[in-house]
Amino acid sequence: MLKYDIIVIGGGPAGLAAAIEAKKNGVDSILVIERDRELGGILQQCIHNGFGLHIFKEELTGPEYAERFIEELKKLNIDYMLDTMVLDITEDRYVSAVNTDKGFMTMKAEAVILAMGCRERTRGAISIPGFRPAGVFTAGTAQRFINMEGYMVGKEVVILGSGDIGLIMARRLALEGAKVKVVAEIMPFSGGLNRNIVQCLDDFGIPLLLSHTVIDIKGKDRVEGVTIAKVDENLRPIPGTEIDYSCDTLLLSVGLIPENELSKKAGIKLDSATGGPIVNESMETNVPGVFACGNVVHVHDLVDYVTEESRRAGKNAARFIKKEMAEDCKIIETVPGNGITYIVPQVIRTENLQDTLDMFMRVNNVYNNSKLVIKADGETVKTINKRHLAPGEMERIKIDLNSIKNKAISKISVEIEKEGV
Amino acid sequence: MLKKEMTCIVCPIGCQLEVTVKSNGELEYVVTGNKCKRGIDYAINEITNPTRVLTSTVKIKNALLKRLPVRTNGAIPKVKIFECMKIINNVEVKSPIKCGEVIIKNILETGIDLVASRSM
Amino acid sequence: MYDVAIIGAGVIGTFIARELSRYKLDIVLIEKNSDVADGTTKANSAIIHAGYNAEVGSNKGKFNAQANPMFDKVCEELDVPFKRIGSLVIGFDNKDMETIKGLYKNGVALGIPNMEIIDGDRVKEIEPNISDKVIGALYAPTCGIIGPWDLAIALAENGVENGLQLMLNSEVKDIKEEKGKYKIFTEDKKIDVKYVINCAGLYADKVHNMVASPSFKITPRRGQYYILDKSAGDFVNSVVFQCPTKLGKGVLVAPTVHGNVIVGPDAEDLEDKGAVNTTADRLQFVKESAMKSFPNIPINKVITSFAGLRAEANTGDFIIGESREAKGFINVAGIKSPGLASSPAIAKYVVDLVRGLAGELEEKKDFNPKRKKVIRFESLSSEEKAKLIKKDSRYGRIICRCENITEGEIVDAIKRKVGATTVDGIKRRVRPGMGRCQGGFCGPRVMEILARELGKEINEIVKDNPKSYILTEQTKNNELYDEEVEKFVASAIEE
């Protein structure tokens, strides 16, 4: 049986950064397992620029960003397997996987890092009524077809969902000669960055309809059109507001879901708010020695943050291997307060932190000129003024360890305080 | 006099800007709606010389994939985007290609090169 | 000249075809769609009913009761997923319990075995998640769940292995009688045949009227369903009905043989025989009805919804028999629920009808009732997986990550007799695309394998019927550009 100190599941940005960081922290025996035919994960199909501003201080495309990490991984002689699917992980860290070359393998790892990423929410999951013709694609699938396989998915396109992938795909389709008729967004605000709304929609004269959704799909064989309607504050379609669009393609950019089927098999507890594992300050799950990072934990907006988080996971997995981790510590819980959807990490052991505590979170609505208030057992320890908060933008907070260390704290909460309250 | 509305993209706030162009011999730009100074520069640049980095793909032979991702190594005038696309679409390269390798030099006399954005 | 032509390759047509393929007959099975099981057979509740519902003396009652015990053998022979998990008709009040008693008595009269009326506590034992308001139920242990399209595909494959001919993409345009024989016209073929068996489902009236004056009418009765993710698979253990109404057996909640949960259907009479679209209001109704049985049903785990059309005959019963006007023309029409559950008995009966017309049928000595087993990688043990990949490395490449389906299984589904040629065909045979990602990840890979195995370009691969294209053309085509958009971008500078 193959034995490794660390097995990293997933060779996308999270897995690559985690493996590299673990190696740099003194762990030699590392294996990265990737199910696709090459490393890099979803970045390989994200050919637009805008990656790496935080990490590299320049704007890279997805493949460029990936290539830097792939090169480094190779330089560090870290083992990896491609076209290999992990079928099972056990609580005692046996990993079984298959590929065409080595067949069925069972491997033992001292530590496992989960970096499987996420998948797209589908038409079925949001139950759009109508026919079920060809021509309904998730944005990511269309992106793969166009950017990697070199095939167009349609000529006249309607896009549902204004998250960044939807916006980016609007521009890609327009640049490749398709007519993008409209982008509909069920929420009263876009989940995407302003920059993308301007450069992907406004630049090409593509209208964005906020508070609108697709309520019917027509066409028995191939999409022939969709009906879009305005929605009320409860997101229910308003009768009488229906508009028919003829189109041959409907693209869906309606959310991402961390992919945790393997995690469940290993007995890992998930947070219903993130859809990912509950992790501590070291990115370790409730199963000792099993770490997680990237979009499998929570869906990030910037790959730079994925890298940052994954480096933390890699470094701590190395500390775990070297038995440097404080295990029996007092636990502090993080609690999302008013206006906050979730906080990662969910559990903190201050003994394992160096100078600061990093927390990632998302807000549940658009807030202008408000404050993020961090409280320890109800007592305010930090207040951050925010001119703008939106659900599409992840918030990162750093807290000075001195403000919470050596105090008998059981909960740290974050909440939004609106101006004038 | 010409008015143009736009969303500022300098920071996530996304101010709704309005630029008024007055012409009395010389062009004068008046920007309103901005919450900070950077909005003014953005608006004037957007109205006088909007530029974009263009990313796309070109055909590639004998490679793992059928398309090679490419990018301009700097921003090109927005007006030239489709003209550039038509040139890009007529290019076919052969594997192996290194990331950063120039595919089209000085595309449309912009002074900017089209380069491969991955190795393949 | 064929001896028998069967029109329609749904579960009824394929079952009859396979049963007839036991005999020395030249048989042709004609299907308008690009695959078998592409009509009502692919969109129904997938239940083998115990059989207590239908009226005593009706065809439905007779065939369902006869057919139910026949499934174990045929599913074993053809390697079709089938499980007897029992059904419950639950009652919320005394009026319901009266209905349940009536069903029980009806079932006894029809000869349905082992039924019991049980109290609320026993219902709760069987279904821990059921509503606390349930006071009792009719329990019928012989009810089963099946893969309906798996069955029809397996029947067709077995029939073809035993010599029958399958014609796909062949819509019957006309039928002419000539000297007691028939000539069937499709778009591009003329088929001479002695006997015709009309299994055209929703279009059985149309096909019948090609040879005889109208004597029945088929109306599409639509039913809509939800499918829940496998992670909700253990939410329900049996097939749970509410008390029937005049429109049918009502909304059921049941596990599927593939490990999901099925919720539905409603019932809605329509005119359009192509109206397989879902609608928001009816899906809402299905959801609310299901919540009456199971208040905590995890409807947020929906992975897809669909609609099916039942072929409702105006006679109210199955129409099975030779046409009075057209000799040698057998109708098997109006086969709505419990049609799937009655299919083996209907097939047997139709074989007898053919025997009546053609005289004694000679059995083939080499008839093979068995189908080569389908390898389901995910259900194998570690040792079996290892062995299989050593033998054929394509079983080591996972294509569908939701259900761990391998390239080997997909290639097998293409290479078999009655093999898949479309994305939906693959999906029905080996399930990639049926999981929670609904084909998002595996779709491009499945198309690539189809193209490779069928010697086609990837953009020639369709979802289902020939017009259901998925990809349009290669990128980098300058012809595509829309001048309006170009002009818009060009107008960026207005001075």
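**Exercise 1.** Is Phe56(A) buried, exposed or partly exposed, going by its relative accessibility?

*Solution.* The model is predicted, so local features need pLDDT of at least 70 and side-chain atom pairs count only at pLDDT 80 or more, while totals for chains, interfaces and linings use all residues. Residues are numbered from 1 along each chain as its sequence is written, chains are lettered from A and ligands numbered from 1 in the order in which they are written, and side-chain values use heavy atoms, with hydrogens and water left out. Buried means under 20% relative accessible area, exposed over 50%, and partly exposed in between (1.4 Å probe, protein chains only). Phe56(A) has 25% relative accessibility and therefore counts as partly exposed.

**Exercise 2.** Classify the aromatic pair of Phe56(A) and Tyr65(A).

*Solution.* Rings of Phe, Tyr and Trp (its six-membered ring) pair if their centres lie within 6.5 Å, and planes under 30 degrees apart count as stacked, over 60 as edge-to-face and the rest as tilted. A search of the whole structure gives 13 aromatic pairs over all chains. In the pair of Phe56(A) and Tyr65(A), the centres are 5.5 Å apart with 75 degrees between the planes, which makes the pair edge-to-face. Tyr65(A) is buried, at 1% relative accessible area. Ring pairs also link Phe56(A), Tyr65(A) and Phe69(A) into a cluster.

**Exercise 3.** Find which charged end sits over the ring of Phe56(A).

*Solution.* A charge sits over a ring if NZ of Lys or CZ of Arg is within 6 Å of the ring centre and within 35 degrees of the ring normal. The charged end of Arg68(A) sits over the Phe56(A) ring, 4.8 Å from its centre.
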